[in-house]
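Please examine the sequence and structure shown below before reading on.

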Amino acid sequence: MLGYLARRLAMTVPTLLLVAIGVFALVRLIPGDPVQVMLGDAADPAQAAQLRAQLGLDQPMPVQFMHWIGKLAAGDFGHSITNNLAVLPLILDRFQVSAVIVLVAVAAAACIAVPAGLVAAWKQNSLLDLSVVGGATLLLSIPSFWLGLLLLLLFGLKLKWLPVIGYVPFAENVWQAATFIVLPIATLTMVEIGVLTRMARAASIEVLRLEYVTHARAKGVPEWRVLARHVLPNAFAPTWTLIGLVLGHLLGGIAVIETVFTLPGLGRLLVDSIFARDYPVVQGCLLFTAVIYVLVNLIVDLCYPLFDPRVTVA
């Protein structure tokens, strides 16, 4: 186990290095000049040149990249161009909001989708199966931002059960903070239920056709026990892999939901930083997201043998 973990961690180094190179290059392709954004169009050229030198933007790209990598190796993500705040604490503060929403949404989606997919596979080609597959396909085809706007319109404006915009930290008021994240969590949960249900159904159908399931039924084992003890644990392995991919994907792509619901999360920070041409924050957000994605997939791989005994980690 330790050897496998060491090899996987070693493999992440070139991966993250390639990501860092790509992030640095893509950020420099963003139209606009951060110095011009900070000083305005009527800025004095001498003042603009002084600020550009102060920020290190007058140096060649390779020099800027090596300087950034050197600071990253020391755990320093730099400082924001717009407000001079340290980038890493800013990212961690915003990440708390995004992490709560994504983790709760994925957990809720898995708790609903896995049993639904199992039951649909058990009743394959029945009306129940068609209803589950149809509902999952419908949820899968709905854009998350559109679904979020519909939920805002219904529960925020029409029924007035939940606040429409804003956010309150959990440290200030737990109940009020929960009311602000209910709709974002519901939106992500409904969207991800579709893909997880289809995967759970497909995996369960394959397991139901195996010989040991037929043997258990021939021995007179109750059907609920066959599903719970023989089908579900073995069918959950591929679904677990997909859950890890979904979790990483949502952490990287939650910007749309946070923009719709005006939440101060990591995605919203990234969008605002792109508009402000804040290079250090944009680079930090993208690299931080890549690190989280790699770690999530590593945890998924390490946990895979728990759900599939045929897989060993050595």
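A salt bridge is defined as a side-chain nitrogen of Lys or Arg within 4 Å of a carboxyl oxygen of Asp or Glu. The model is predicted, so local features need pLDDT of at least 70 and side-chain atom pairs count only at pLDDT 80 or more, while totals for chains, interfaces and linings use all residues. Residues are numbered from 1 along each chain as its sequence is written, and side-chain values use heavy atoms, with hydrogens and water left out.

| Salt bridge | Closest N and O atoms |
|---|---|
| Asp129 and Arg201 | 2.7 Å |
| Arg217 and Glu223 | 2.6 Å |
| Arg268 and Asp272 | 3.7 Å |

The salt bridge between Asp129 and Arg201 links distant parts of the chain: Asp129 lies in helix H6 (residues 127–141) and Arg201 in helix H8 (residues 174–208), 72 residues apart. Helices (H or I, at least four residues) are DSSP runs numbered from the N terminus.

In the pair Arg217 and Glu223, Arg217 is partly exposed at 34% relative accessibility, and Glu223 is partly exposed at 26%. Partly exposed denotes the range between buried and exposed, the latter being over 50%.

Arg268 and Asp272 are four residues apart in helix H12 (residues 266–275), and are therefore separated by about one helical turn. Arg268 has a relative accessible area of 25% and is partly exposed; Asp272, at 35%, also counts as partly exposed.

Methods. Helices (H or I, at least four residues) and strands (E, at least two) are DSSP runs, numbered from the N terminus. Buried means under 20% relative accessible area, exposed over 50%, partly exposed in between (1.4 Å probe, protein chains only).
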